[in-house]
Amino acid sequence: MNRKTILYIPDFESRNAPEVAKALREAFPEWKVAGVEIDINAYEDTKQNLGKYIHLYRPDILISEGLGGYFVHQWAGYNRICVSADLHPSFRCDNSLTEMYTEKETKMAYDCAYDHAKNTHCWGVFGKDADKREFYMAHYPNVVNVPRKVSSILDALDECVSLIKAISESEWTDDYGVTYAEYGRVIVRADYTLFRDVEDYTIPHGVRTIMNGAFYGMNLKSVTIPDTVAYMGHHVFSECKLLEEVVLPPALEVIELRSFMNCISLKDVTLPGSLRTIKTEAFRGTAIRSVEVPPCLAYMEYHVFDDGVKLIIRESELRELLDDSWNYRLRIEDDYDY
């Protein structure tokens, strides 16, 4: 297992930053705790500086307070904890920054879709003195209420430590660089630097979801997917140019956008009987030349396969939807062999 990292962003000109960093290190002695202060200047410069630290430390969890939370909460794709986040920083800045922040306050919502794609979350931790709770709820779908006044992480240390433990215990990375979440039910991603030389990989039983682009561009030759998997995101195996063999799980109902696009070595695929939809370019750029359509398949988007691929349709809801445009690009074999 890799050593986990917490990146702590204190409040602007915080006097408690050294004490907070020390408390986090005592609570998580096996973790790396990096505390960095960010100069509050031009909005884009501040975001860029934060991005540099995130790229440097690659944290498992971002934790912030006050004005630091204003920037951290927008960093979708990472698990984030924002304590008593200052969502109105213009009230605390000098006149030269007031106009800038006032403009940005109207665009506080972060990219929830990207959080969903990465299976990451943002928590807001607020004390009993927090006002405008409806406003907070709009920007923090995960809110922790603390029954006392909270001005820094020290005022909500127990709650923050418990939350970090809950997050970390539900997520881990195996020796191959594959990150699992929700206690092993979700594969989030594979780290290319660790996984790039893996040729054969067996996904453990119990995994239900494989997130978007999880194995994108890897050098896999074969992958074993357990029957428990019910959903795989878009681009999940795109650009795996050495992939020769894959057996799709029987409960799969949708093959998402470009799931196997440009897997140039993939010659055969068996579509599961439960499959109802195949989305655009799912198997575009593969070596597949014929495929049997399962009975439940009802819909295919455009350019699912390369031109000239033979569809063997014995019995399928899809047949009624195929028109001349499909026949132009695909060879359909009538084979009613019951």
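A salt bridge is counted where a side-chain nitrogen of Lys or Arg lies within 4 Å of a carboxyl oxygen of Asp or Glu. The model is predicted, so that local features need pLDDT of at least 70 and side-chain atom pairs count only at pLDDT 80 or more, while totals for chains, interfaces and linings use all residues. Residues are numbered from 1 along each chain as its sequence is written, and side-chain values use heavy atoms, with hydrogens and water left out.

The structure holds seven salt bridges. One of them joins Arg258 and Glu281, with N and O 2.6 Å apart, and this pair links distant parts of the chain, 23 residues apart. Arg258 is partly exposed at a relative accessible area of 28%, whereas Glu281, at 17%, is buried (buried means under 20% relative accessible area, exposed over 50%, and partly exposed in between, with a 1.4 Å probe and protein chains only). Another salt bridge is formed by Arg284 and Asp307, whose closest N and O atoms are 3.6 Å apart.

Aromatic rings of Phe, Tyr and Trp (its six-membered ring) are paired if their centres lie within 6.5 Å, and planes under 30 degrees apart count as stacked, over 60 as edge-to-face and the rest as tilted. By this rule there are ten aromatic pairs. In one of these, the ring centres of Phe195 and Tyr201 are 5.2 Å apart and the planes stand at 75°, so the pair is edge-to-face; both residues, Phe195 and Tyr201, are buried. The rings of Phe215 and Phe237 have centres 5.3 Å apart and planes at 5°, and the pair is therefore stacked.

Terms used
Helix = DSSP H or I, 4+ residues; strand = E, 2+ residues; numbered from the N terminus.
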